[in-house]
Amino acid sequence: METYHHGVSMAEIKTLGEAVKQKSTGVICLVASGSLVAFSGLDVKKIEKEIKDLRKKLETASEEDAKNLGTSVAEKEKLLSDYRNGNNYRFYLVQNFSEAQAVFDGLILSYLQAIFLESNGPVLAFATPEKPTKDDIGRMSKSSEETGLVPNIFLAPEVSSTHALHLAEKARDFGGLAIVDIPFSDRADMKADNPYCYYVVGNLKSGSKDNSFFPGSVATAGLMRSGAYWMSPSNRKFLGVCGIESSVGWALVKDESSSTEIEADVLNNGNKTVFIYSEGFRPWGNRMGGGEFVSVYRLKQAVKKSIADSMQWA
């Protein structure tokens, strides 16, 4: 049995003598501002001088000292090589917060923590020195090539409301979905009509030590990944969220005698998911931008990819 990344393990289904393998539907692709720990504050000239000095010491070092000096030279040369060959500008695969801490620093690390508070699993993460641009989002096409995994949940939390179309293009290309943040102040006016996007309204407060607010798409991605792909994230309790920046009125059952519209229902009818409190903080909304149920959309995408890949043996 193979391990899959959508929260459940699926056995192979035998048909026509070949196995139809269930595709992973929980590989998150994240682009956000931050830096890499390995290259943080990197002083190229200083390292070049250190290598030169170490090589000079090697000329007169004993056999035992030479071994240690040689190791130091190799490590520093590899660091410079990685930097110069663009390894500071690529996607990295991290599967839990400890791995993320060893690779990233800055805002992207906070986002990764919020994801991993909901579920561990593969995240293909790319740190940009400033807020991501549409070109940075375009590099999501390289994420599979650089990590060996195919992403299907796409995030650019800082800029998703302004670059929703570019995120949707990547979701379409990979047969996944983009989670797009709608600023709370724009909840009534911003359109939520792209069929490849799942729209969420407002920010959430992290359950981490700094209790900071972050875009709702981040924790929603972790929550979505924690369950099977046929499950909607709606009305499922967050594990790592301790607050909502702004809330809307909602009701489990509408009072038919009242003529007052419930804001959550109005937004849901516009394909927008809101966040509510009911014995914990939860997303409240089932529909993609095109009006399709998110669980149905993800099921269809998983089946399409599984059948397409399994037919390649012929």
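A residue is called buried when its relative accessible area is under 20%. In this predicted model, Phe-126 has a relative accessibility of 0% and therefore counts as buried. Phe-91, likewise at 0% relative accessibility, counts as buried too.

These two residues also belong together in another way, for the structure holds seven aromatic pairs, and one of them joins Phe-91 and Phe-126, whose ring centres lie 5.1 Å apart with the planes at 35°, so that the pair is tilted. The pair links distant parts of the chain, since Phe-91 lies in the loop between α2 (63-84) and β5 (92-94), while Phe-126 lies in strand β7 (residues 123-128), 35 residues apart. Another aromatic pair, formed by Tyr-277 and Phe-281, is edge-to-face, with 4.9 Å from centre to centre and 65° between the planes. Phe-281 has a relative accessibility of 16%, and because the limit for buried is under 20%, this residue counts as buried.

Arg-90 lies over the face of Tyr-92, at 3.8 Å from the ring centre. In a further case, the charged end of Arg-187 sits over the ring of Phe-184, at 3.9 Å from the centre of that ring.

When residues up to four places away in sequence are not counted, Ile-179 touches Ile-153, Phe-154, Leu-155, Ser-160, Tyr-198, Val-200, Ser-217, Thr-220, Ala-221 and Met-224.

A last stop is Ser-33, which lies in strand β3 (residues 28-33). Is Ser-33 buried or exposed? Its relative accessible area is 12%, and because this falls under 20%, Ser-33 is buried. Leaving aside its neighbours within four places in sequence, Ser-33 is in contact with Gly-106, Leu-107, Ile-108, Thr-128, Glu-130, Lys-131, Pro-132 and Glu-158.

Key
Residues are numbered from 1 along each chain as its sequence is written. This is a predicted model: local features need pLDDT of at least 70, side-chain atom pairs count only at pLDDT 80 or more; totals for chains, interfaces and linings use all residues. Side-chain values use heavy atoms; hydrogens and water are left out. Helices (H or I, at least four residues) and strands (E, at least two) are DSSP runs, numbered from the N terminus. Buried means under 20% relative accessible area, exposed over 50%, partly exposed in between (1.4 Å probe, protein chains only). Contact means heavy atoms within 4.5 Å. Rings of Phe, Tyr and Trp (its six-membered ring) pair if their centres lie within 6.5 Å; planes under 30 degrees apart count as stacked, over 60 as edge-to-face and the rest as tilted. A charge sits over a ring if NZ of Lys or CZ of Arg is within 6 Å of the ring centre and within 35 degrees of the ring normal.
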